[in-house]
Amino acid sequence: MSRTETADGVDNQIAMVLDLNKCIGCQTCTISCKTNWTDEPGREYMYWNNVETKPGEGYPRGWEDVGDGWASEDRTERSPGEIPSLEEYGRSWEFNHQEIFYEGSDEHLAPEEDPDWGPNWDEDEGDGQFPNSYYFYLPRLCNHCTHPSCVEACPRQAVYKRSEDGIVLVDQERCRGYRHCVEGCPYHKIYFNVEEKTAEKCIFCYPRIEGNGPDGEQHAPACVESCVTQLRYVGRLDDPQGPIYKLVEEWEVALPLHEEYHTGPNVFYIPPMSPGQHTQEGESIDADRIPPEYLEELFGEDVHAALDTLERERERVRTGEESELMEILTTNDMENQHRMEVFADD
Amino acid sequence: MTDRTRQAVAIVLGIAAVAVVLLALSGPAMGYAVGVNALPVAEMTDDDALEDPDADAWAEIEAQTVVLSSAESGLPGYQDTAVGLTDVETAHTDEKIHIRLTWDDPVVNEEIDDPQAYVDGVAVQLPFEQDKEPPIEMGSEEEPVNVWYWTADGEVEELYAGGMGSTTEMGESAVSTQAVHDDGEWSVVFTRELTADDRERTEIATDQRLNVAFAVFDGDNAERGGIKAASEWYHYPMDPEPGPSVLELVLWSVGGLAIVAVLVMTVYGIRNVEQ
């Protein structure tokens, strides 16, 4: 089945591609999402967008080992996981900013408690042995899947996929806080608000893409617009002129994360290329710093062909030839990078 | 037929006759006094602080143990529920009904302070039409239910449901609760006025059978929604006793005739033996 097939009942599926070759782990996307949506009571621990270091345990801790979405490709049975505790997400710490900045304290800036885990605790640790240790950054958000197991998990149909654009939302009136959706999402991208007693999640900034924000203009999601390296593409999944379709379907360089969950995610990743390995004496070894076998664990066996394509097209440009792929990946044309006209609310 | 044979026949028929008479007597008697899943309900003249689970008045009121088993929801982990029994005591005045439930739960779960935290709870389900028996899992569209739902974080909700997944909270709860946890046991009293002047609440008449079911949630065991220990339908047999049915009249007549017939045959048999 094609990765760009739109779900039944959805007019135009909105989708995203992230180029991991450009992520510098600055967390600007994370903070822009948080200041827009998750600095409300009960949402302190939530990062609807997070950036984790890979290899690493991620957020919540060890999420990849818990819950598998659908049990098999025919999607007749789910494989629910477990609900993480606040410790496994990483509590939001209280800091001593007030004392240091306004009250003249000499203390170091530090959390008031003595934590042993946080939402980005293993940042930059990675894996491998010097001089060939490796890591890269993986920004994650709700994939607004074509076959969302969170929607299926809710016995009250409180989680739904809306028909205009396939964005998956939680009806706050219908939700009674059972949290079957929280245990049902294999990516752990739906959260429970202990104050409101309802489930909450990334809304793909739908007021922004509809043009219903404070300035009445259409905007790409906050994480997309705020990205320092502009590594994110947004558009209609099956628009043949759009960057999503070209990167996923034509060039096949953009891949879903953990496709084996069978949820049909609509967020795709261009895998990170990496420099060659070398010995301690500085001699080159013919192997990539980021082992392709590791990337295969995340993105499936198509990652090898994707990396080859990227390398090949870069080489073409190096030798003075043209490459549509490299044009797309180095474009300054924001209108093409964020193709959202069809989603405006008119 | 020999004398001995006649004696034997007389004895056998005598025993048979006694058995028939006993059956005839016990049939209607069993139907009235010990109905399946009947619950005792006390009629009180005044309230006597019955809203309080620790009120003295409850000590005098008859309790009934209700068996609970995992509700059939098919949700992950639904078969693993913790509580097996709850004791039910019920009293009503002219104006209000009070239902007191107690059950064993050694660990108090009264705060949702973590994504993994669930609270203890208990629920009372009444059919919207008090003598109907809707599908036990939250009723159906044709036969909806009221659910009075208490949770240990102090919330009480009145819910209306017409089948699984349709539960909707009514505006303001007309049900009040008081709860106590003592010595490993929860005690909760639900109180509501008998009359309800609206289209969602069960009108409770105390001269009619009132069906009822119960469910207990152990927060420590992540029980919520469809994952709970629930009872079958029980009832308060408040309907007036009906007169004898046709079947009962027939049974009594047959029993009476059997007595007469056996007496006659016994006398005849004994006479023949004597001879």
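Here are a few friendly notes on this predicted model, from the chain contact to the aromatic pairs.

1. Let's start where the two chains meet. Chain A contributes 21 residues to the contact and chain B contributes 19. Together they bury about 1,600 Å², with 52% of that on carbon and sulfur atoms.

2. Next, the polar side of this interface. Two salt bridges are found across it. One pairs A:R176 with B:E157, where the closest N and O atoms lie 2.7 Å apart. On the side of chain B that touches chain A, the residues divide into nine nonpolar, five polar and five charged. Between the chains, 10 residue pairs are in polar contact.

3. Helix α8 of chain A, residues 243–250, is worth a look on your screen. Its buried residues are A:P243, A:I244, A:K246, A:L247 and A:V248. Their cover includes strands β1 (14–19), β10 (232–236) and β12 (267–270), along with helices α11 (324–329) and α12 (334–337), in chain A. After α8(A) comes A:E252, which has a positive phi, near 55 degrees.

4. Now the aromatic rings. Over all chains, the count is 20 aromatic pairs. In one of them, B:W150 and B:W186 have ring centres 5.0 Å apart and planes at 70 degrees, so this pair is edge-to-face. The two tryptophans are 36 residues apart and link distant parts of the chain: B:W150 belongs to strand β7 (residues 145–151) and B:W186 to strand β11 (residues 185–193) of chain B. Both B:W150 and B:W186 are buried.

5. Finally, a group of tyrosines in chain A: A:Y45, A:Y47, A:Y59, A:Y89 and A:Y191 make up one aromatic cluster.

Technical notes
Residues are numbered from 1 along each chain as its sequence is written. Chains are lettered from A and ligands numbered from 1 in the order in which they are written. This is a predicted model: local features need pLDDT of at least 70, side-chain atom pairs count only at pLDDT 80 or more; totals for chains, interfaces and linings use all residues. Side-chain values use heavy atoms; hydrogens and water are left out. Contact means heavy atoms within 4.5 Å. Buried area is the accessible area (1.4 Å probe) that two parts lose on being put together, summed over both. A salt bridge is a side-chain nitrogen of Lys or Arg within 4 Å of a carboxyl oxygen of Asp or Glu. A polar contact is a pair of N or O atoms within 3.5 Å; within protein, one must be able to donate a hydrogen and the other to accept it, and residues adjacent in sequence count only if both atoms are side-chain atoms. Ala, Val, Leu, Ile, Met, Phe, Trp, Tyr, Cys and Pro count as nonpolar, Asp, Glu, Lys and Arg as charged, and the others, Gly among them, as polar. Buried means under 20% relative accessible area, exposed over 50%, partly exposed in between (1.4 Å probe, protein chains only). Helices (H or I, at least four residues) and strands (E, at least two) are DSSP runs, numbered from the N terminus. Rings of Phe, Tyr and Trp (its six-membered ring) pair if their centres lie within 6.5 Å; planes under 30 degrees apart count as stacked, over 60 as edge-to-face and the rest as tilted.
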